[in-house]
Each structure stands twice: as C-alpha cells, then as structure tokens.
Amino acid sequence: MEPWIPPASPDLALLAMEAADAAGVAALRAWPELRKGGIGFGDLPPFLCWRGAAEGRWHLVLLQAREVGALVPGARTTPLPAGWLDALDLEALARPLARHPDFPGGTSVHVVQLPGGETFRTRTFGHPAPDLVAEVLRRTSHIRDWHPADLEMDKGPSGAPHAEP
C-alpha cells in the first residue's frame with residue numbers, strides 16, 4: 001500500500017459522466033473531484049487516498065483526513081456530519097475512480113470511517129479487503145491493532161454484493 005495523489009488528468013468529472021452513462025444513470029448530483037491533494041466529494045472534506053494490489057486486484061482506500069488527524073494525541077478537529085458514511089452515495093464516488101487509468105483493469109474502492117478506539121467501518125465498491133484497510137490505518141496512525149466494527153455490504157452496478165467495479 002502506498003499513498004496516491006490523484007493526477008490532474010484525466011478529469012474526474014469526465015470519468016464520472018462516462019461511468020454514469022455506462023451504468024445508465026441519467027443525472028449526477030455529485031462526483032469525485034481533485035481537492036487539496038486528495039479526492040473531494042460533495043460537501044465532505046477531501047479524502048486521503050492509498051492504493052495497492054492484492055490477489056491480482058487493485059484497491060483504493062479513502063480516509064477522511066479529519067478522522068485520521070483526530071488520532072494524533074492533543075489534536076483538535078471539526079467533527080464530520082453524523083451519519084456521513086451511511087449517507088455517502090458510494091456508487092457516484094466509486095464508479096469513476098474504479099475506471100481511472102492508474103488502476104488497469106479497475107479497482108475496488110473502500111471508504112473508511114473511524115468511529116473511535118481501534119475500530120473502523122468500511123463501505124466497499126468491489127471486492128472487500130479489510131486486511132488492506134487495516135494496513136493503511138497502521139501506516140497512518142500510532143494504533144497497531146485495528147479491527148472492523150462491521151463489514152457493511154454494498155451493492156454495485158450488478159446488484160450483487162461487492163460487485164465488480
């Protein structure tokens with residue numbers, strides 16, 4: 001796993017429109033955008049991005065900088081809106097990223113929430129990879145032993161749990 005700073009090209013808005021067209025989505029209310037070296041989406045602050053491959057598949061892990069920053073002892077951060085992970089339009093965020101040329105063959109996208117302590121919640125578009133998510137969290141915090149609070153199953157474009165991106 002390594003940090004990923006999204007390049008300026010291709011335009012994420014263009015990827016979002018192409019992904020929406022391919023999925024038969026008539027209109028988008030939000031799409032991913034480059035913001036402060038990460039991925040912005042809607043009204044949320046930018047996500048920090050990490051990428052890696054496992055079992056022949058690409059994975060992109062998105063962390064909220066405010067939550068990661070709160071792990072630093074003595075840090076003061078502005079809380080994110082309650083329920084932000086559940087309210088997130090995962091497909092609108094993940095579909096364009098799954099098509100990004102930096103991920104030949106596509107990527108699974110994992111959006112991570114840190115509810116507190118040594119636990120994390122993840123919503124996944126594609127194939128689940130809780131061990132990879134835990135590895136990213138070990139690399140970005142002083143906590144060494146991370147545990148999934150739950151493994152939420154999201155449905156991708158095919159309607160099947162953890163659909164191929």
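How many bridges join E3 to strand E4 (residues 44-54), and in which sense do the strands run? Two bridges join them, and the strands run antiparallel. Here are some notes to read alongside the model.

1. **Ground rules.** This is a predicted model, in which local features need pLDDT of at least 70, side-chain atom pairs count only at pLDDT 80 or more, and totals for chains, interfaces and linings use all residues. Residues are numbered from 1 along each chain as its sequence is written, and side-chain values use heavy atoms, with hydrogens and water left out. Helices (H or I, at least four residues) and strands (E, at least two) are DSSP runs, numbered from the N terminus.

2. **E3 and its partners.** Strands are said to pair if DSSP finds at least two bridges between them. On the E4 side, Ile39 has Phe47 as its bridge partner. E3 also pairs with E2, again in the antiparallel sense, over three bridges; there, Glu33 stands opposite Gly40 in E3.

3. **The two hairpins.** The hairpin of E3 and E4 has two residues between the strands, and Gly42 takes a positive phi near 60° in it. The hairpin of E2 and E3 has two residues between the strands as well, and here the positive phi, near 50°, belongs to Lys36.

4. **Positive phi outside glycine.** Lys36 is exposed, with a relative accessible area of 80% (exposed means over 50%, buried under 20% and partly exposed in between, using a 1.4 Å probe and protein chains only). Glu55 is another non-glycine residue with a positive phi near 50°. Glu55 lies in the loop between E4 and strand E5 (57-64) and is exposed too, at a relative accessible area of 77%.

5. **The approach to H1.** Pro10 sits in the loop between strand E1 (2-3) and H1. At the start of H1, a side-chain oxygen of Asp11 comes to within 3.0 Å of the backbone nitrogen of Ala13.

6. **Helix H1 itself.** H1 (residues 12-23) has twelve residues and spans 16 Å from its first C-alpha to its last, close to the 16 Å expected at 1.5 Å a residue; the expected span is 1.5 Å times one less than the number of residues. Just after H1, Gly24 takes a positive phi of about 75°.

7. Which residues of H1 are buried? They are Leu12, Ala13, Leu15, Ala16, Ala19 and Ala20. These residues cover an arc of only 155° around the axis, so they are on the same side of H1; the arc is that of the directions from the helix axis to the C-beta atoms. The face turned away from the buried side carries the exposed residues Asp21 and Ala22. The cover over the buried residues includes strand E2 (33-35), strand E3 (38-41) and helix H4 (90-98), where contact means heavy atoms within 4.5 Å.

8. **A buried threonine.** Thr124 lies in strand E7 (residues 119-125) and is buried, with a relative accessible area of 5%. Its side chain makes a polar contact with the side chain of His110 at 3.0 Å. A polar contact is a pair of N or O atoms within 3.5 Å; within protein, one must be able to donate a hydrogen and the other to accept it, and residues adjacent in sequence count only if both atoms are side-chain atoms.
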